[in-house]
Amino acid sequence: MINKIHIIGSVGSGKTTLARELSAILNLPHIELDNVSWERRSSGDRRRTEEECAALLHTLVQSDQWIIEGVHTKEWVDTSFRNADLIIFLDTVNHVRWYRIMRRYFLQKLKIESSNYKPTKEILFNMFKWNKHFEEVAKPEFFKKYAPLQDKILIVKNKRFLEEYMQSLSAK
């Protein structure tokens, strides 16, 4: 049984959407790494130190069931990759991510979709920059660093593939 899932992918790859869907289907709690990195306060968010993030994440992964999602690949995230039963790497094509980044920005500006941050043009441009960095730097580093975990990494390029994989699990 898969009880601990880590979902990683670039900005706009579908991590949060997938985590919410799997959380509802599998009845597993969903944890956003952004909420580990940031202490949410009414007076304004505070970025946690890497030590604080590592300690908080270490506590969270001690539970028996979870879905953790985020783009983070720093050392403090190591514990969730190593404790996961399954790592889903969302490898969504670039033009789909660009579309989703733009769509998210406009939906947030129109207050149709909520976010943990204020949707500004600076954030929008940063998302495109982070997307490029993930593709060119973080993605190759991830596969190099976590090569020993390759037997539990599922690379997902589209939703149909993931649906077929999940059906195969439920058939077992």
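The model is predicted: local features need pLDDT of at least 70, side-chain atom pairs count only at pLDDT 80 or more, and totals for chains, interfaces and linings use all residues. Residues are numbered from 1 along each chain as its sequence is written, and side-chain values use heavy atoms, with hydrogens and water left out. Helices (H or I, at least four residues) and strands (E, at least two) are DSSP runs, numbered from the N terminus.

**Lys 15**

- Lys 15 belongs to helix H1, which covers residues 15-26.
- Lys 15 is buried and has no salt bridge. Buried means under 20% relative accessible area, exposed over 50%, and partly exposed in between (1.4 Å probe, protein chains only). A salt bridge is a side-chain nitrogen of Lys or Arg within 4 Å of a carboxyl oxygen of Asp or Glu.
- The nearest side chain of opposite charge to Lys 15 is Glu 69, at 5.3 Å. For charge, Lys and Arg count as positive and Asp and Glu as negative, while His and the chain ends are not counted.
- The Lys 15 side chain reaches the backbone oxygen of Ser 10 at 2.8 Å.
- Leaving aside residues up to four places away in sequence, Lys 15 touches several residues (heavy atoms within 4.5 Å), among them Ile 7, Gly 70 and Leu 90.

**Strand E5**

- In a regular strand the side chains alternate between the two faces of the sheet.
- Strand E5 (residues 66-69) is covered on both faces, with Trp 66 and Ile 68 buried on one side and Ile 67 and Glu 69 buried on the other.
- E5 pairs in the parallel sense with strand E1 (residues 4-9) over 4 bridges; pairing requires that DSSP finds at least two bridges between two strands. Ile 7 stands opposite Glu 69 of E5.
- Strand E2 (residues 30-32) also pairs with E5 in the parallel sense, over 3 bridges. Ile 31 has Ile 68 in E5 as its bridge partner.

**Salt bridges**

- The structure holds 14 salt bridges.
- One of them joins Lys 159 and Glu 21, whose closest N and O atoms are 3.2 Å apart. Lys 159 lies in helix H7 (residues 159-171) and Glu 21 in helix H1, so this pair ties together parts 138 residues apart in sequence.
- Lys 159 is partly exposed at 49% relative accessible area, and Glu 21 is partly exposed at 31%.
- Glu 75 and Lys 145 meet in a salt bridge at 2.8 Å, N to O. Glu 75 lies in the loop between E5 and helix H4 (78-83) and Lys 145 in helix H6 (residues 121-145), so the pair ties together parts 70 residues apart in sequence.
- A network of salt bridges links Asp 91, Arg 97, Glu 135, Lys 139 and Lys 157.

Methods: Polar contact = N/O pair within 3.5 Å; in protein donor to acceptor, adjacent residues only side chain to side chain.
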